[in-house]
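Here is a briefing on how the chains of this model meet. Please look at the structure first, then read on.

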Amino acid sequence: MSTLLKPKTAAELRDVYLRQEMMPTIFCDGCGLGNVLNYTLWALDELQVDLDQVVFVSGIGCSSRLSGYVNADGMHTTHGRALSFASGIKAANPNLKVIVFTGDGDGAGIGGNHLLHTIRRNMDMTVILVNNYIYGMTGGQSAPTTPIGGLSTTTPYGNVEYPMDICALALALEAPYVARWTVNQPYPPIKSIAQGIAKRGFALIEMLVPCPTAYGGRNGLKGVEAIWQWYRENTVLLDDFEHIMEFGTLEEQEEIKHKLKVGVLRDTERESFEERWAKLVEQVKL
Amino acid sequence: MDRALIRRALGDKVQFIQGDDACAYGALLAGCNFFAGYPITPATEVAEQMSILLPLVGGCYIQMEDEIASMGALVGASWTGAKTMTSTSGPGFSLMQENLGYAIMTETPCVVVNVQRSGPSTGQPTMGAYGDMMQARWGTHGDHEIIMLCPASIQESLDLTIVAFNLSEQFRTPVLLFIDGELGHMRERLVIPDEDELELVERPMFNGQGKYLPFATDASLVPTFAPFGSGHRTYVTGLTHNEQGLPRSSSAEIHDKLVRRLADKINNHRDQIIRYEEFYADDCDIAIITYGITARTCRDVVEQARSKGIKVGMLRLITIWPFPDDTVARWSECVQAILVPEMNLGQMIHPIREAVAGRCKVAPLFRIGGEIHTPVEILTALEELQCQLC
Amino acid sequence: MRQEIRICGFGGQGVITASVILGKAAAVYDNLIACQSQSYGPEARGGAARAEVIIDDKPIGCPGVHVADILIAMSIEAFTRYGRDVKPDGTIIIDPDLVVIPDLPERAYPIPATRIAENLGNTVVANIVMLGAVTAITGVVSEEAIHASTIKSVPARFKELNERALAAGIAAGHELKGLGRG
């Protein structure tokens, strides 16, 4: 329907991709969700995707509001169930591109089982899972990703549970594309989201974003700069990690050993559910 | 989908098959091209049959990780324009409530078959019951109306599945088709209707005139549909939304208007939705009000009782929800007592009592445990009722 | 003419298959009304299996069988449990090699279906032998209908075996009926 131009400015990007009636967003100052939306729009623009053929699906939570801001078909579903709806959309009409926005609570907590099985089936979709270590929309309760000792309104004495590594789960289930990025580095996530959208099969992009309102301040990270600094100190690029583990000194290796690896953790090919189903129908159809 | 292909996939015109299979056949004839489900006794055969049939006609079958996901997938697929169905039994139906409510709120056509078994909880998986009649009505949270049909034979399981799809498309709302474990696994002769005997209804589509407002309606109270991918960039949310589909969850006015319309679009069309069957309506002192498999035994007993001089009539409910309270009220004006046999501890007796409003006696005859009522116990209940009236 | 038939035995004997073939013979090939139902334990094999068929020339209301017109018992347990729930003028057909009890009622027709099937090369068709015998003894469905229904219901590669089983059952049934047993 619309003619896609390659926007050069943020204003042009806004005019082409955003649903003006939904502005302003509900996001707090310092929230990383706006950045994630930005990166996604740049990626779409880079690929020159026809927005009429994209469906944005989300569950419930702050990150799940992202689907409503994009001027495309969208489905804001029930808590944790976005991937079920997305699977139905994609299976029924494989011509549509499906992009899911979800959070750590929505996607890995209440929706954990759906995540597991959607990856297992290798549904062709791009899942941008925004991880802020907390249930933000309900005011800061502990999530399946909250670090040990993390403070939240439901772990007032510190979290005793082990957090889950969402990318490790996706890797174990052989998702063909898995990447993790922090929101303070704009260019790699844009490229990575574009790769995920172009990938046939399940692509998971975990974005670590700050929630200054419900997590940061309570955990000694006042202001968004403090959280960005925390990312710098606690994450390591996958390439750097591998290089240091091979060539670095023992001291250097010791320093990065426990850091969270960011980067493209896997990029491979695997036939999707839709492709396999189409082949089956080809074989058995009357 | 290719109609000739569908007909070929179903095989012989006359068959001897189970209720579960008849539902699957009905779905295919109605144009169902997407099924998502999860195995559960005694509904598994519906899914199995769909997994056989759908690939033959180019449709899609997907086994989900649970019933929550099945219901979600149904809604997603329906928004691409697909005709969708799932099947389950009590425990699975409990899990579907969340996304069933979403389907109601987002006006998504889909059909849910529940082959009921007894509960609470796991209960008696292989035995029939009618324990979910009220869960069907009020299982999902919030104010809403629901459409539900209850067949009493294998042929009717096929016929009413088609009706369920038609109502679902016409009113853009989930429709429930409820049988039970007994009927689901029972076999009878099934005659597959010819193409010219089928009346299929499709959801009202957007005609392309002017700006598309996905939740604006005319006098029908049913909005027009444009599938995902058609360029209209529709936003669908379970939040209270305006005609454009955008969230307006803090507006009392918009919420009131939306939720009342969702109820009215069903309630204002009760005459098109409600189906029932009457026997000896003009010539009876006692009525049996019944539904589902129990109605078959009741039908035999009505004749037995009348031959013994007890003037009994029978009202068989086919549409359970919306409840035909006008019809029940009319019966209550003509009889002295109403017997309500149910395969539960009393569910439909409540709306029956409400509709009767004290005009006549309402007597329960409840049976649980998995066995259907025997003719003798129903006849005995009628005789006792007759004695009390004398 | 409502005829209530109960077929029982243990899982794996093809009790339910037999009931489906019988019902189909009546409903599809004899233009009668039939209603078949079953119950079985959670075990796929070995547990008790029971199936019921009602055959009538007018619509069938109550789908339940309480006191049967025809009982076919293929195990001791089945006979012990259901042997009494038969109408006084009803028909009882048993496999005498499996229902070995001292006080078998005089009217029971002994059809050694499993042995006959074994002689045909496969005990799996014992249920079809039984169907042949039931047809011959009771005439509840026609021989043409039970034949057509059997062929329609079994895998093509076993067509011949099943036809022989059915014929052997029909012959055994006619023989007993001729002897005036029952």
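A:M75 stands opposite B:V236 in β10(B). A:H76 stands opposite B:T237 in that strand, β10(B). The model is predicted: local features need pLDDT of at least 70, side-chain atom pairs count only at pLDDT 80 or more, and totals for chains, interfaces and linings use all residues. Residues are numbered from 1 along each chain as its sequence is written, while chains are lettered from A and ligands numbered from 1 in the order in which they are written.

**The strands around β2(A)**

- Three bridges join β2(A) to β10 (residues 235-237) of chain B, and the two run parallel.
- Strands pair if DSSP finds at least two bridges between them.
- Within chain A, four bridges join β1 (residues 54-58) to β2(A), again in parallel.
- A:V57 stands opposite A:M75 on that side.
- A:D73 and A:M75 point one way from β2(A), A:G74 and A:H76 point the other way, and all are buried.
- Buried means that 20 or more other C-beta atoms, placed from the backbone, lie within 10 Å of the residue's own.
- Strands (E, at least two residues) and helices (H or I, at least four) are DSSP runs, numbered from the N terminus.

**Chain A against chain B**

- Contacts link 36 residues of chain A with 40 residues of chain B.
- Two residues are in contact if their C-beta atoms, placed from the backbone, lie within 7 Å.
- On the chain A side, β2 (73-76), α4 (82-92), α6 (112-121) and α13 (273-284) give two or more residues each.
- α4(A) gives the most, with eight residues.
- This side of chain A divides into 16 nonpolar, 15 polar and five charged residues.
- Ala, Val, Leu, Ile, Met, Phe, Trp, Tyr, Cys and Pro count as nonpolar, Asp, Glu, Lys and Arg as charged, and the others, Gly among them, as polar.

**Chain C against chain B**

- Here 15 residues of chain C are in contact with 17 residues of chain B.
- α1 (15-29) and β2 (33-40) of chain C each supply at least two residues of the chain C side.
- That side holds seven nonpolar, seven polar and one charged residue.

**Inside chain B**

- The domain assignment, which is automatic or from a database, gives domain 1 (3-197) and domain 2 (276-389) of chain B.
- In chain B, 21 residues of domain 1 are in contact with 20 residues of domain 2.
- The largest share of the domain 1 side, four residues, comes from α6(B).
- The domain 1 side divides into 13 nonpolar, four polar and four charged residues.

Definitions and conventions. A residue is buried if 20 or more other C-beta atoms lie within 10 Å of its own, exposed if 12 or fewer, and partly exposed in between; C-beta atoms are placed from the backbone.
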